[in-house]
Amino acid sequence: MTATAAAHPAWLPTAAFAPLGRRAIAVVQGDAQTETVAAEAAAATTAHGGSAVRFTGEAPRADIVFALEGGLGDEAFRVRRADGSVTVAASSGRGLLYGFFHLVRLGEAAFEGSGEETHEPSRAIRILNHWDNMDLHPVMGAVERGYAGASIFFSVGDGLPGSGHVRDDLSRVGAYARLLASIGINAVSVNNVNVHHREARLLTDDLEHAARIAAALRPYGVRLHLAVSWAAPVMLGGLATSDPFDADVKAWWAEAADRVWAAIPDFGGFVVKADSEGQPGPFAYGRDHADGANMLAEAVAPHGGIIHWRAFVYNHTQDWRDRSTDRARAAFDHFAPLDGRFRDNVIVQVKFGPMDFQVREPISPVLAAMPNTRVALELQVTQEYTGQQKHAVYLGPQWTEVMRFDFGGDSGQTVAALAQGGFAAVANVGDDEFWTGHPFAQANLYAYGRLTWNPDASATDLLDEWIGQTFAGEDATTAAAIHDILADSWRTYEKYTTPLGVGFMVRPGHHYGPDVDGYEYTPWGTYHFADRDGIGVDRTVATGTGFAGLYPSPWRETYESLETVPDELILFFHHVPYAHVLHSGTTVIQHIYDTHFEGVERVQRDIEAWNAVSGSLRDRDLVAGVDERFAEQLRSAIEWRDQVNTYFLRKSGVADARGRRIY
């Protein structure tokens, strides 16, 4: 599909605007985002028979009034209801824009009752990181970890090195910005954090084209960010070094920042992956991450810019024979000692778990270990390890568990409260007709945006919001079926894939499908250590890598002890015999067998539920897309079940107590 082809409206179909569109709407004259509100109101009323007018000064009588008032934050809005009419007030057009989509979500309920309420986002920065390539990568393709087609920002040209470019037609980017504004996302970085030479030139030769992307995002209040290479002064500037203490390097970055902000006045900042998985960084010059981040922060500070410095740093060339080296410790060991040294405009971006976006991990202790640093929580909306948008997996419940995790002890705060630097996530869209490959994967993009605005929101309620808008006009039976399929789908996926928090067991490289020993003897540090006697990684202080001791009390004691560690994380923290009895009352080996059989049965049940309602849906292309992906999910789930169960039957020699077929 090309970027100019029609895209699915996702959760903003015309029908979702009917409650607003059949009323009289008045919109104040104002800034660029206020003009966008006016355009949205005009489109809705044209479609549904209402009326839309503009005003200055005193607001006219109307069913819905969008007015500018002082006293609110830049993105906040206030809703007043009285006698069936609604006034949305904000200090800026961005606030009015968020207020407009708030009314769309509520539908007819927006006009019920009376009173006043104020809404504002939990954090100032709510960003999506795109891992899009300008040149076609020989392994990763157009989008690294992308499962929904090519980039909406870039064309890879004829596929030859150097032929990639920013798309001529960016109308799809504008439509994307609209989706993002409707869920409260206010920033995107558009290029891969593994910055190749072609993307690096967005800072120089292609800056005018980056400015075109920014212009397409701007009407909906979404700010452009760029991922940059630490080696840019060498790669682009012809310098001999990228040492952050070198005067010429500092000057090069200051000039680069001046140039970017001159071209894009509302530019947000730079995203940096350094000294990780082969990317260059300050380690090459004997400097640490604070040295590197602060140098860049100084360069962008005059423009109000932000440096997003990723904490995903670890040894990816470790010896699998050495059990003392623990990838899970790496981010803590690198960053916790630097707490308090980062400038205020540096945000240290920390993955929610210590490994790599697994279906189940403990929460990263780095989030509680840096109280004097602006830390951002990083999630993965693209489903790299959760079915790659071929499996129906709604991640909202996982993210609410993460955001509400309370470290207790001295920190005494939830993850959401500790994430003072905001929220970031790897994006999941491409030029696919449905944006996300699997139409149901739209729910993850929706939930991410809504949770970054309000981490206390219910994942179940957000799922119903998405269903209610996306399938507006469909009957209640269909909505209920889709809800039931997705509400517990994350745990279904967990059941038929990796057990008890051990993680990975995927095919190396592309990470799709089962390969129990795929990474077991590699340098990547993602091991399960299964042998004839047991399975799991000893991360205790007493006998293992000491990772459990990096948590504040009471979690360090909880994870250290077999008596208290949660079942779902036991293999992350302990190496245990197959006969070890879990808190659930079953043995580890029987749990593996039972959950893998149950996971497949759940997928079969979900397919039956879908088939019972899909015939009545009007969007036959969507039905066909879901049917195709459900067929693949069932095939893959069976493969996971049979490979994992067979592996552990052969490894342990313990038969399934229920006598089911294992190969």
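Predicted model: local features only at pLDDT ≥ 70, side-chain atom pairs only at ≥ 80, totals over all residues.
## The lining of the largest pocket

The largest pocket holds about 440 Å³ of space. Its lining has 23 residues, and those closest to the centre are Met 140, Glu 144, Arg 145, Glu 277 and Trp 524. Where does the largest pocket lie? Domain 2 (126-473) and domain 3 (494-652) both contribute residues to the lining, so the pocket lies between them.

## Two residues with positive phi

Asp 275, which is not a glycine, has a positive phi near 55°. Its loop connects strand S14 (269-272) with helix H9 (289-300). Is Asp 275 buried or exposed? With a relative accessible area of 17%, Asp 275 counts as buried, because the cut-off for that class is under 20%.

Met 505 is not a glycine either, and its phi is positive at about 60°. You will find Met 505 in the loop between helix H17 (489-496) and strand S19. The relative accessible area of Met 505 is 3%, so this residue is buried.

## A cis peptide bond

Which form does the peptide bond from Ser 553 to Pro 554 take, cis or trans? The bond is cis, and its omega is near 5°. Pro 554 sits in the loop that runs between strand S19 (534-535) and helix H18 (555-560).

Key:
Residues numbered from 1 in each chain as written. Heavy atoms only, no water. Helix = DSSP H or I, 4+ residues; strand = E, 2+ residues; numbered from the N terminus. Buried < 20%, exposed > 50% of the residue type's maximum accessible area, 1.4 Å probe, protein only. 1 Å grid on protein atoms, 1.4 Å probe; cavity = no way out; pocket = protein on both sides within 12 Å on 5 of 7 lines; lining within 4 Å. Points joined across faces, edges and corners; volume = space filled by probe spheres on them. Domains from an automatic or database assignment.
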